[in-house]
Amino acid sequence: MTAQLNPRGDVAVLVPAGGSGVRLGPGAPKALRPLGGEPLLVHAVRRMAAAPSVRSIVVAAPAAELLAVRALLASVAPVTVVPGGATRQESVAAALAAVPAGPEIVLVHDAARALAPAALVESVAAAVRSGRDAVIPVLPVVDTVKEVSGDDLVLGTVDRATLRAVQTPQGFRRRVLVAAHAAAVDPLTDDAGLVEKLGVPVACVPGSEYALKITRPFDLSLAEHLLASADA
Ligand code: CTP
Ligand code: MG
C-alpha cells in the first residue's frame, strides 16, 4: 500500500536525508540530530506534509537507520522510507524510483532545510503547475563575492547582482526530473543542475530565510533561535 496524504494533491516530495553530517561534527546522521528536541527530519517532513498540494512523501534515509526512521515518522505523516545512497544524487534517485503513480509534480527537499515553510512548497508547486518544467527558490546574494586562487589570492570580483543563492524545495515536472536523473553522469549538489544539463529552462521564485540549510553548528544554533521565536 502506498502512503498518501491529500489524495487530491498533485505533488510528491522527495526528501534526501541519507547524509552523515560531517560538517556538523561527530554524532548521529544529520537528519536525526535534534532541533528543539525533535530530529531535523521530523521538522522537515511535518512542514512538507502541511502543504495542501502534497499527496505523497518519499524519504531517503541513512541505510543503517531505515527502521528507526520509519518508526520515527510513523506518527508524523504517512511517508515511504527507502535506503539512501552514497551521494545526495543517488539518494534522490532512490526516492524518485519509489514515487507512486499519480503526482505529476515532484519536489526535492533537503532534510537539512528543516524549517522550510509549507508556503514555500506551495509557491514552488504553483510555478510548476503554471507551466514551468523546473523551479528553484532563490535569495539574492548579500555579501560581496570574490573569485580566489588556490593560494588565497583574489582573482576578481563577481557581479553580485546576477547571483542567487539556491534553496530547496526545487520543483519539477515529473518526466523532466526522471529524464534528468537518467542522463546524470557526475554527482551535482542540486537537481536543477541536472535539468540545466538537459538544456531545459529553470525558473526562479523567491526563497525563504527559514529555508536555510543547516550545515555547520552555527546554522543549528540559528535554527534553534528561529524555532524558539515561534514563527518558524
Ligand atoms: N544526503 C543524502 N544522501 C547522501 C548525502 C546527503 O540524502 N549520501 C542529503 C542530506 O541528508 C541532506 C541533503 O542531502 O538532507 C543535503 O546534503 P548536506 O547538507 O551536504 O548533508 P550531509 O551530506 O549530511 O552533510 P555533510 O556534507 O556535512 O556530511
Ligand atoms: Mg553533504
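This is a predicted model: local features need pLDDT of at least 70, side-chain atom pairs count only at pLDDT 80 or more; totals for chains, interfaces and linings use all residues.

Student: Which residue does arginine 88 meet in a salt bridge?

Tutor: The partner is aspartate 191, and the N to O distance between the two side chains is 2.9 Å. Arginine 88 belongs to helix 3 (residues 88–97) and aspartate 191 to helix 6 (residues 191–197), so this pair ties together parts that lie 103 residues apart in sequence.

Student: Is aspartate 191 buried or exposed?

Tutor: Aspartate 191 counts as buried, because its relative accessibility is 1%.

Student: How many salt bridges are there?

Tutor: The count comes to six salt bridges. One of them joins arginine 129 and aspartate 10, whose closest N and O atoms are 2.8 Å apart. Arginine 129 lies in helix 4 (residues 118–129), whereas aspartate 10 lies in the segment before strand 1 (11–16), so the pair links parts separated by 119 residues in sequence. Arginine 129 is partly exposed at 40% relative accessibility, and aspartate 10 is partly exposed with a relative accessible area of 26%.

Student: Where does the salt bridge of arginine 173 lead?

Tutor: Arginine 173 pairs with aspartate 133, with 3.2 Å between the closest N and O atoms. Arginine 173 is in strand 11 (residues 170–173) and aspartate 133 is in the loop between helix 4 and strand 7 (134–140), so this pair ties together parts 40 residues apart in sequence. Aspartate 133, at 24% relative accessibility, counts as partly exposed.

Student: Which residues do salt bridges with shared partners join into one network?

Tutor: That network consists of Arg88, Asp110, Arg113 and Asp191.

Student: Now for the helix: which residues of helix 3 are buried?

Tutor: The general idea is that an α-helix has 3.6 residues a turn, so residues three or four places apart point the same way. In helix 3 the buried residues are Gln89, Ser91, Val92, Ala95 and Leu96. These residues cover an arc of only 160° around the axis, which means that they are on the same side of helix 3.

Student: What covers the buried residues of helix 3?

Tutor: The covering elements include strand 1, strand 4 (54–61), strand 5 (80–83) and strand 6 (105–108), together with helix 5 (174–183) and helix 6.

Note on methods: Residues are numbered from 1 along each chain as its sequence is written. Chains are lettered from A and ligands numbered from 1 in the order in which they are written. Side-chain values use heavy atoms; hydrogens and water are left out. A salt bridge is a side-chain nitrogen of Lys or Arg within 4 Å of a carboxyl oxygen of Asp or Glu. Helices (H or I, at least four residues) and strands (E, at least two) are DSSP runs, numbered from the N terminus. Buried means under 20% relative accessible area, exposed over 50%, partly exposed in between (1.4 Å probe, protein chains only). The arc is that of the directions from the helix axis to the C-beta atoms. Contact means heavy atoms within 4.5 Å.
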